[in-house]
Amino acid sequence: MRTDLAVVGAGPAGLAAALAAAARGVRVTLVDAADRPGGQFYRQPAAELNARRPQALHHRWRTWKRLRDGLAAGRVRVLTGHHVWFVEALDDGFTVHALLGPAQDRQATVHARAVLLATGGYEHVLPFPGWTLPGVVTAGGAQAMLKGGLVVPGRTAVVAGTGPLLLPVATGLAAAGTRVAALVESADPKQVARHARALAGKLPEGAGHAARLLRHRVRPLTRHTVVRAHGDDRLTGVTVAALDVDGRVRRGTGRYLPCDTLAVGHGMLPHTDLADGLGCRPAGPTVAVDAEQRTSVPGVWAAGEATGIGGAALALAEGHLAGHSIAARLRGTEPDPESWAPAARTRRTLRTTAGALASAFAPPAHWSDLVGDDTVVCRCEEVTAGTVREAVDGLGAGDVRTVKLLTRAGMGWCQGRMCAAAVAGLAGCAPAPSRRPLARPVPLGVLAQSPLDHSEEGPS
């Protein structure tokens with residue numbers, strides 16, 4: 001099929017951009033891997049579950065209703081269940097390649113004059129002894145189970161790591177009936193207080209979560225971290241310990257907390273695979289964009305977490321702004337910045353807030369000290385921390401790519417999304433763009449088909 005604009009990702013940024021562009025006469029096709037729009041933030045329970053009060057699991061439900069109603073108006077064509085693996089730049093536009101079906105072994109294509117990448121982010125996972133035990137899940141994974149499946153991962157949970165996501169995860173689990181034994185936050189409250197002015201807009205939300213934690217008798221342990229997860233066939237408990245001002249574990253402070261679930265997370269990382277494949281200029285770990293959310297590749301815009309982790313409100317502002325810009329550029333006119341001035345002000349404020357959050361809730365500086373040589377780092381390829389260290393200290397690897405070639409760390413099914421940051425940290429190397437031409441594993445049968453045959457959408 002052909003369209004003016006292909007939006008990849010139906011989270012807050014993608015939805016806002018699609019609706020803003022469509023309202024200005026642009027033919028928009030929204031492509032997403034999930035069964036329904038919303039992304040991770042607005043993840044909805046399966047229709048078969050007949051959830052009576054899905055709004056109880058969500059923040060800013062009214063905003064979601066406006067987005068949902070906008071899609072229902074029919075100005076945007078929505079293609080769900082489309083796993084995008086490559087965006088191809090052509091002389092006359094772009095072709096978005098996606099996989100379909102339960103086995104993702106059929107392909108579909110969308111041809112567009114312009115592309116918006118709203119690919120979101122994924123969780124920053126740091127390994128520790130026992131982290132591969134059943135019962136250990138990411139914080140976002142626990143939240144996804146609750147929002148999408150209306151289930152909890154266990155009866156007694158510890159929520160640990162760092163970052164603002166821990167608060168809604170802990171309160172959500174507690175409200176759903178799980179006993180939350182502790183909220184273990186590695187950040188120092190004094191460090192958070194140093195950014196109080198920039199974080200002022202987040203205080204009401206944080207206070208609301210704190211009140212709910214108090215009501216459910218959830219014990220907060222600040223400046224603490226998980227040292228080890230215990231169990232044989234599955235998780236039975238965790239040991240947590242206090243951190244000193246430098247981020248090192250204080251000896252003699254360890255305590256054991258029985259639990260059957262550990263929801264752990266250390267923030268988010270931007271998902272930039274498609275942008276990397278197109279050759280978009282990076283800005284550190286993010287996609288570089290200008291004031292209109294344009295990337296360095298003509299015809300490609302980016303918005304949301306891919307341009308910097310900042311939350312749903314920032315993603316909405318960036319998407320709205322990008323939609324205005326795209327509509328004007330496709331008409332061949334110069335955009336009017338006044339038309340998106342409120343969104344630009346929101347973006348400026350929330351980017352400042354995001355920077356303060358990143359600084360206040362950085363992972364412990366010496367987390368790798370807790371990772372023994374026998375701890376698995378890359379789960380897909382079963383590469384241990386000792387193997388990574390040997391690649392650096394014994395074989396002379398000086399960058400993440402060389403470590404990957406010597407150890408296979410990051411070569412598995414997830415292509416490094418779970419382990420790349422940890423491997424870089426253990427190796428003492430700066431994270432680097434993936435530079436993968438394909439954003440996800442693709443069946444050879446799909447690759448064998450002619451890349452120039454873009455005749456129609458749907459299975460080939």
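**Notes on the predicted model**

1. Phenylalanine 86 has histidine 97, in E5, as its bridge partner.

2. The strands concerned are E4, residues 83–90, and E5, residues 93–100. They run antiparallel and are joined by 7 bridges.

3. Confidence over the protein chain averages a pLDDT of 92, and 97% of the residues score at least 70.

4. Residues 452–460 need a caveat, as pLDDT stays under 50 there. The model has 23 contacts beyond four places in sequence for this stretch. Where pLDDT is low, predicted coordinates should not be read in detail.

5. How many cavities of 30 Å³ or more does a search of the whole structure find? The search finds 1. The largest cavity has a volume of about 30 Å³.

6. The lining of the largest cavity draws on several parts of the sequence: Tyr122, Glu123, His124 and Val125, then Leu269, then Gly416, Arg417, Met418, Cys419, Ala420 and Ala421. Strand E7 (121–123) and helix H12 (420–427) are the elements that give two or more residues to this lining.

7. By residue class, the lining of the largest cavity divides into 7 nonpolar, 2 polar and 2 charged residues.

Definitions and conventions
Residues numbered from 1 in each chain as written. Predicted model: local features only at pLDDT ≥ 70, side-chain atom pairs only at ≥ 80, totals over all residues. Heavy atoms only, no water. pLDDT = per-residue confidence, 0-100. Contact = heavy atoms within 4.5 Å. 1 Å grid on protein atoms, 1.4 Å probe; cavity = no way out; pocket = protein on both sides within 12 Å on 5 of 7 lines; lining within 4 Å. Points joined across faces, edges and corners; volume = space filled by probe spheres on them. Helix = DSSP H or I, 4+ residues; strand = E, 2+ residues; numbered from the N terminus. Nonpolar A, V, L, I, M, F, W, Y, C, P; charged D, E, K, R; others polar. Pairing = 2+ DSSP bridges.
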